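Here is a short briefing on one protein fold. Look over the sequence and the model first, then read on by topic.

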Amino acid sequence: MKEVVLHVYDVTNSDSEKTNNTIIQINHIFKDRIGLGGIFHSAVQVYGEDEWSFGFCETGSGVFSCPVGKNPMYTYRESIVLGETECGIAAVNRILRELSREWPGHSYDLLSRNCNHFCDVLCERLGVPKLPGWVNRFASAGDTAVVVAESTAVKFRQAKTEIVNASRVAYRFMAGLASKNQASPESPGNNQNRGSPAFQGAWFKNIISAGAKPSSSESTPSHSQDADDGTPLRQQSSTEHSTHL
């Protein structure tokens, strides 16, 4: 039989009958009524009366087969014809052997590497369309949510680091402003302490003071400023700014 058939089950392998019934109700509402998706197990049938799927096991391959529609762990729901394969029986057997090596049981993951993902890969190698989107939509949405949550957590950690670093820089700058009150004024001819917090604080104060004065061609610098360095305060702060940068 060249026809490739997908067999879909409701996932009812819980030990709790209440949980199993709840899953069936969820699948009925979200798949049958809304067409969105649900919680499903799937298997692929091609050339024979067995279906092939994937599941968890601690050792060995996770790829297994069972009679069509007879998986004892789940509740059978429906079958969907996906198309016809161009592969012969020998080619199909080779594909299944390859997948058995590529899909060990311990690699099973409910959201990113489950039975539906395996059936997608098998269908792709058989050259037929993949599973309908609703079969694995809940797992895909859950996997996306996990990725988004992890990415958001990383961004929060980065933002926290940046805030801490900015706070340290601000603290060091404010400490420099405070320490200038205890330091002696620096003469213009002495450049050896221009990188010190005291000088940076004094330089910042000069910039603020210069910017606060009204701009006027008639204004003249005070005698105390001229006595210090022989240049107007506005010119001095501009020169110091260039030297500091």
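Helix α3 lies across β1, β2, β3, β4 and β5, and runs at about 25° to β2. The model is predicted. The protein has seven helices and five strands. Its 245 residues include 28% that count as buried.

**Overall layout**

- From the N terminus, the elements follow the order β-α-β-β-β-β-α-α-α-α-α-α.
- Among contacts with a separation of 6 or more, 67% link residues 24 or more positions apart.

**The sheet**

- Five strands form an open sheet in the order β4-β3-β2-β1-β5, and the pairing is antiparallel.
- β4 (63-67) and β5 are the edge strands; each has a single partner strand, so one side of each lacks a neighbour in the sheet.
- From one strand to the next, the twist averages 30°.
- β2 and β3 (residues 50-54) run antiparallel and are joined by two bridges.
- Val 44 has Trp 52 of β3 as its bridge partner.

**Helices across the sheet**

- Helix α1 (residues 17-33) lies across β1, β2 and β5.
- The angle of α1 to β5 is about 40°.
- α3, as noted above, lies across β1, β2, β3, β4 and β5.

**Packing of α2 on α3**

- Two packed helices are described by the angle between their axes and the distance between the axes.
- For helix α2 (residues 89-102) and helix α3 (residues 115-126), the axes come within 11 Å and cross at roughly 145°.
- The α2 and α3 crossing is right-handed.
- From α2, the contact uses Val 92, Ile 95, Leu 96, Glu 98, Leu 99 and Glu 102.
- From α3, the contact uses Phe 118, Val 121, Leu 122, Arg 125 and Leu 126.
- By type, the residues of the α2 contact with α3 are eight nonpolar, no polar and three charged.

- Ile 95 sits in helix α2.
- Is Ile 95 buried or exposed? Ile 95 is buried, because its relative accessible area is 5%, under the 20% cut-off.
- Beyond its neighbours within four places in sequence, Ile 95 is in contact with Cys 87, Leu 122, Arg 125 and Leu 126.
- Ile 95 and Leu 122 lie 27 residues apart in sequence, yet their C-alpha atoms are 7.8 Å apart in space.
- Which residues does Leu 122 contact, leaving aside neighbours within four places in sequence? They are Val 44, Trp 52, Ile 95, Leu 96 and Leu 99.

**The nonpolar core**

- In soluble globular proteins, nonpolar side chains tend to be buried together.
- The largest nonpolar core here has 26 residues.
- Val 4, Leu 6, Val 44, Leu 82, Phe 118, Leu 122 and Leu 126 touch the most other members of this core.
- At least two core residues come from each of β1 (3-10), β2 (40-45), β5 (75-84), α2 and α3.
- Phe 118, Leu 122 and Leu 126 are among these core residues and also belong to the contact of α2 with α3.

**Asn 116**

- Asn 116 is found in helix α3.
- Asn 116 counts as buried because its relative accessibility is 2%, under the 20% cut-off.
- Leaving aside neighbours within four places in sequence, Asn 116 is in contact with Phe 40, His 41, Ser 42, Leu 131, Val 135 and Asn 136.

Terms used: Residues numbered from 1 in each chain as written. Predicted model: local features only at pLDDT ≥ 70, side-chain atom pairs only at ≥ 80, totals over all residues. Heavy atoms only, no water. Axes fitted to C-alpha atoms, helices over the stretch in contact; angles between N-to-C directions. Helix = DSSP H or I, 4+ residues; strand = E, 2+ residues; numbered from the N terminus. Left-handed = near helix turned anticlockwise from the far one by under 90°. Contact = heavy atoms within 4.5 Å. Nonpolar A, V, L, I, M, F, W, Y, C, P; charged D, E, K, R; others polar. Buried < 20%, exposed > 50% of the residue type's maximum accessible area, 1.4 Å probe, protein only. Core = buried A, V, L, I, M, F, W, Y, C linked by side-chain atoms within 4.5 Å. Pairing = 2+ DSSP bridges.
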